[in-house]
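Hello,

Here is the structure for your files. Please open it first, then read my notes below.

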Protein chains: 2
Amino acid sequence: MKDNRYMKRLEQCVSHMKETGLNALLLTKPSNMFYLTGDGRLCAYAMISQDGKVALGVPSTDVEDVTALAHFDHITGFEDEVGMIHSIAHHFEHFGIHDGTVGLEYTFLTQSMMGMLTHPHAKPESIAVKDCTHILSEMRMVKDPEEIERIRAAAKVADTGMKAAIEAVKADVTESQVAAAAEYAMRHAGAEEFWRTYVASGPRTNIAHGLPTNRTLQPGDLVMIDIHPVVNGYSADICRTVCVGKPAPEQQAAYDLYLEAQQATIARIKAGVGMVELEHTIHGILSEAGHGDHLFGPPIHGVGIEFEESPLPPGHAFFHGEKAPPPLPANVVIAVGNCGLYIGPWGVRVEDTNVVGVDGPETLTSYPRTLESA
Amino acid sequence: MKDNRYMKRLEQCVSHMKETGLNALLLTKPSNMFYLTGDGRLCAYAMISQDGKVALGVPSTDVEDVTALAHFDHITGFEDEVGMIHSIAHHFEHFGIHDGTVGLEYTFLTQSMMGMLTHPHAKPESIAVKDCTHILSEMRMVKDPEEIERIRAAAKVADTGMKAAIEAVKADVTESQVAAAAEYAMRHAGAEEFWRTYVASGPRTNIAHGLPTNRTLQPGDLVMIDIHPVVNGYSADICRTVCVGKPAPEQQAAYDLYLEAQQATIARIKAGVGMVELEHTIHGILSEAGHGDHLFGPPIHGVGIEFEESPLPPGHAFFHGEKAPPPLPANVVIAVGNCGLYIGPWGVRVEDTNVVGVDGPETLTSYPRTLESA
């Protein structure tokens, strides 16, 4: 069952492998396997040889399911970790790979998983290992039309989830219950899954990763809601901040400033723009207003199979095993507004998912950007 | 702000460090940090010295929040990855650690995170590194009374979630919508979060990790629901399999057999029992009935801050950086029934969370175990 799209991806992958001097890839990250083969799941691997052969190893229970989903036919089932190790050895042998270098995903594999995959019973000791993270990240950066349609569908579901969440915002409701409203609405609107839901309120809007707690919302609280549905395997990223009741003037002023910085950055998106230029735009407006010390995290990142993926700003890319991104080609999809403005007693953040178009941005998430919730 | 419980845990930790020959621990796994300090979050670390000093490094935005939650006072904020690396170097210097060995969590750290934490600007090159996974896993294995109360509360929420999920099961509903019902009910019953929700139906009940999809339930389908709320930082694990309408005789027979094996295994739980004995009980009954090849994954695992944690059966423990568990002391909490019985066209699984008592088991999850859903 070979689909042209997957054959083309395999060809690209093989071409990158040759450039990088890799004789094989041994992938275990579900999003990378999904992109390359049509199926990605936990406790599984895909081995790709430089002459374009593909083998999948999956739990024995899953062979039939993977056969229906994956676009390559060489699928092996294993019973446990020992079986997995032996099946990897079998594929090295079967593909005739006895030396050279195999690429592993250093940004996904834990140290102990590295130990399993490079165990002498799995990988011949004569084969060296090397990080291959950047290959799949670069391949996934520019989206084809079907991928953009899937992200567009996820963005619509994200808007629906945001509407439900904001409608749930009122005094005495918990952060967790606001998250419940968003997640329930997203699943009923067509999401098969979602990435982490963030809901943070009051002083918790000032933290970097506001996972929901049982804190109850108070009148005058800001509430930051950041959601990421998965629809047909693709995600979208939207964040809104709203107030429980009427915002204070200083809250409104911070929000207006942040929204201005975010929208000015989105306005600069078009094919050929650099990530650094976009990062400087949002940081620059906030810094000029005296808030250079009130930001945290990458303001811009890619969106696709994962809600945060390549391209990353160069500083973060380095620590995540990526190369600094090139000037953005058309059809890269990026979320803008992730850094937030953390004033101290509270913070604000507004984030939207955008396609890099030839002449400008197309913003896919569209839920209204207003601090007053009703 | 030093709580006796946390001082005791720190003393135990230091004692393990001395036994293992570790001069410091550098922890980044949120569950381990939560257990040891009272706060665990992403993008943060805890450094523990052999003389019992504790330092936390967190995003600069989060310092105030962590100060309110953690039971140790030495908290440093950083702005980005470079700042994190420099703050680690500062703590090595401040604690006077210039050589010896530092313990890292090899089962949690990705290869690229290992690179960050052992970067020459973070860790003095004269300090060696070694896996410390087993220290925190062993410490967390036996639960104190407050921990058991929290798991008990999570088990009640899990029962509530299962009731809502099973009430949502009917033809033409999607797996994702069944998951929505469970998650919404768990959050409204008091869960601040949940670990992965599994909902698999029809032929998908035959796979090892049945994350929900948009498949619509059909009359006669089996539906496998596996949920894990988090309440006050602690989890519980429950799985039920139900039929859409009336089950076929062979479905009922497989279910009855699996339930018999699961219940017989739970009946053997008491202080001093071995994990291998429990594993042999459930595997033995299923194998004698001719299903030795129809199982997958560890049938039994610990439950606590994580829904799957130590103790793991010895075979799995090895690959997860753990030692083989000792005979189980009282107040270990284990889930029984995780292996499932995968017949081919469909599978069944029933799983419950249990406290190891001095004289026998206490089963915390109690939702009725019946294949017919109504």
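Start with P311(B), which sits in the loop between β13 (300-302) and α11 (314-319) of chain B. Helices here are DSSP runs of H or I with at least four residues, strands are runs of E with at least two, and both are numbered from the N terminus. The peptide bond leading from S310(B) into P311(B) is cis, with omega near 0°. Chain A has a cis bond from S310(A) to P311(A), with omega near 5°. P311(A) is in the loop between β13 (300-302) and α11 of chain A. Most peptide bonds are trans.

Two notes before you go on. This is a predicted model: local features need pLDDT of at least 70, side-chain atom pairs count only at pLDDT 80 or more, and totals for chains, interfaces and linings use all residues. Residues are numbered from 1 along each chain as its sequence is written, while chains are lettered from A and ligands numbered from 1 in the order in which they are written.

**Positive phi**

Most residues other than glycine have a negative phi. N232(A) has a positive phi, near 50°. N232(A) lies in the loop between β10 and β11 of chain A. The cut-offs: a residue is buried with 20 or more other C-beta atoms within 10 Å of its own, exposed with 12 or fewer, and partly exposed in between, with C-beta atoms placed from the backbone.

In chain B, C43(B) has a positive phi near 55°. Its loop runs between α2 and β2 (45-49) of chain B. C43(B) is partly exposed, with 18 other C-beta atoms within 10 Å.

**The chain A-chain B interface**

46 residues of chain A are in contact with 46 residues of chain B. Contact means that the C-beta atoms of two residues, placed from the backbone, lie within 7 Å. On the chain A side, α5 (111-117), α8 (175-188) and α11 (314-319) each supply at least two residues. α8(A) gives the most, with eight residues. By class, the chain A side has 19 nonpolar, 17 polar and ten charged residues. Ala, Val, Leu, Ile, Met, Phe, Trp, Tyr, Cys and Pro count as nonpolar; Asp, Glu, Lys and Arg count as charged; the others, Gly among them, count as polar.

**Domains of chain A**

Chain A is divided into domain 1 (4-140) and domain 2 (142-363). These bounds come from an automatic or database domain assignment. The domain centres, taken over C-alpha atoms, are 33 Å apart. Eleven residues from domain 1 and ten residues from domain 2 make the contact. On the domain 1 side, α2 (30-37) and α6 (133-141) of chain A each give two or more residues. The largest share, five residues, comes from α6(A). That side divides into three nonpolar, five polar and three charged residues.

**Strand β17 of chain A**

Five of the five residues of β17 (352-356) of chain A are buried, so this strand is largely enclosed by the rest of the structure. Both faces are covered. D352(A), N354(A) and V356(A) are buried on one side, T353(A) and V355(A) on the other.

β14 (333-336) of chain A runs antiparallel to β17(A), joined by four bridges. Strands pair if DSSP finds at least two bridges between them. V336(A) stands opposite D352(A). Three bridges join β17(A) to β18 (361-363) of chain A, again antiparallel. There, N354(A) stands opposite T363(A). A hairpin of four residues joins β17(A) to β18(A).

**A three-stranded sheet**

In chain A, three strands form an open antiparallel sheet in the order β7-β10-β11. β7 (193-194) and β11 (234-235) are the edge strands, each pairing on one side only. β7(A) pairs with β10 (229-231) of chain A over two bridges. E193(A) has V230(A) as its bridge partner.

**Helix packing in chain B**

The axes of α1 (4-20) and α2 (30-37) of chain B come within 8 Å and cross at roughly 115°. Axes are lines fitted to C-alpha atoms, for helices over the stretch in contact, and angles run from 0 to 180 degrees between N-to-C directions. α1(B) contributes Y6(B), R9(B), L10(B) and C13(B), and α2(B) contributes Y35(B), L36(B) and T37(B). Those residues divide into five nonpolar, one polar and one charged.

Best wishes
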